[in-house]
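Please look over the sequence and the model shown here.

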Amino acid sequence: MAAEPAPPEGSKPLSGLLSGIAQATYYGAAGITEELLRGQLYPEAAPEEFRALLAKLTAALKSVASADMDLNQLEAFLTAQTKKQGGITAEQAAVIAKFWKSHRTKIRESLINQSRWDNTLRNVNWRVDLKSQSRHVDQINNPVAIVEMELGKNGKI
């Protein structure tokens with residue numbers, strides 16, 4: 001098996017930036033701020049330049065995550081983004097693809113958990129009862145529906 005080629009020079013901070021975006025957007029890490037990411041990963045970048053890069057990558061990651069793209073969809077999306085005016089570079093597309101391949105499952109689970117209501121339906125039982133005996137003839141054979149619903153809180157019964 002051939003060794004993977006060495007990542008481009010700028011891919012490590014870019015990977016870190018994508019991880020920071022994912023932490024802040026999908027995993028609820030409130031301590032991840034724009035200033036922290038810029039200071040740790042791109043200290044030499046001007047604030048406006050970094051803000052533009054952050055917005056571009058955040059938008060791309062949100063698009064990929066909200067569509068839960070498979071590898072073919074991801075490749076088509078990233079190719080379109082590289083050809084778009086003001087889009088991402090080929091190197092950025094490669095880093096996004098690698099990041100998505102390794103984080104897709106965790107991000108998807110996080111999105112599912114964020115979109116759930118407080119209570120979830122665990123189980124439903126139902127039946128229809130008919131009276132076969134009664135003092136009054138008009139009460140015989142009147143159906144009565146009985147429904148039992150079991151609710152639980154996010155992962156707990």
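## Terms and model

Buried means under 20% relative accessible area, exposed means over 50%, and partly exposed lies in between (1.4 Å probe, protein chains only). This is a predicted model: local features need pLDDT of at least 70, side-chain atom pairs count only at pLDDT 80 or more, and totals for chains, interfaces and linings use all residues. Residues are numbered from 1 along each chain as its sequence is written, and side-chain values use heavy atoms, with hydrogens and water left out.

## Salt bridges

The structure holds four salt bridges. The term covers a side-chain nitrogen of Lys or Arg within 4 Å of a carboxyl oxygen of Asp or Glu. Side chains of opposite charge can pair when their charged atoms come close.

Glu34 pairs with Arg51, at 2.9 Å from N to O. This pair links distant parts of the chain: Glu34 sits in helix H2 (residues 34-41) and Arg51 in helix H3 (residues 47-66), 17 residues apart. Helices here are DSSP runs (H or I, at least four residues), numbered from the N terminus. Glu34 has 25% relative accessibility, so it counts as partly exposed. Arg51 is partly exposed too, with a relative accessible area of 43%.

Asp68 forms a salt bridge with Arg104, and their closest N and O atoms are 3.0 Å apart. Asp68 lies in the loop between H3 and helix H4 (71-83), while Arg104 lies in helix H5 (residues 90-115), so the pair ties together parts that are 36 residues apart in sequence. Asp68 is partly exposed at 22% relative accessibility. Arg104 is partly exposed at 27%.

Arg127 and Asp129 also meet in a salt bridge, at 3.1 Å from N to O. Arg127 is partly exposed at 42% relative accessibility, and Asp129 is partly exposed at 29%. Elsewhere, salt bridges with shared partners join Asp68, Arg104 and Arg108 into one network.

## Nonpolar core

A nonpolar core is a set of buried Ala, Val, Leu, Ile, Met, Phe, Trp, Tyr and Cys residues joined through side-chain atoms within 4.5 Å. The largest one has 29 residues, of which Leu17, Leu57, Leu61, Leu78 and Trp100 touch the most other members. Helix H1 (11-26), H3, H4 and H5 each give two or more residues to this core. H3 supplies the largest share, eight residues.

Contact means heavy atoms within 4.5 Å. Leaving out residues up to four places away in sequence, Trp100 touches Leu61, Val64, Ala65, Asp68, Met69, Leu74 and Ile107.

## Helix packing

H1 and H3 pack at an angle of about 65 degrees, with their axes 10 Å apart. Axes are lines fitted to C-alpha atoms, for helices over the stretch in contact, and angles run from 0 to 180 degrees between N-to-C directions. On the H1 side, the contact includes Leu14, Leu17, Leu18 and Tyr26. On the H3 side, Phe50, Leu53, Leu57 and Leu61 are among the residues involved.

Ser110 is placed in helix H5. At 11% relative accessibility, Ser110 counts as buried. Beyond its neighbours within four places in sequence, Ser110 is in contact with Tyr26 and Tyr27.

## Domains

The chain is divided into domain 1 (10-115) and domain 2 (120-152). These bounds come from an automatic or database domain assignment. The domain centres, taken over C-alpha atoms, are separated by 53 Å.
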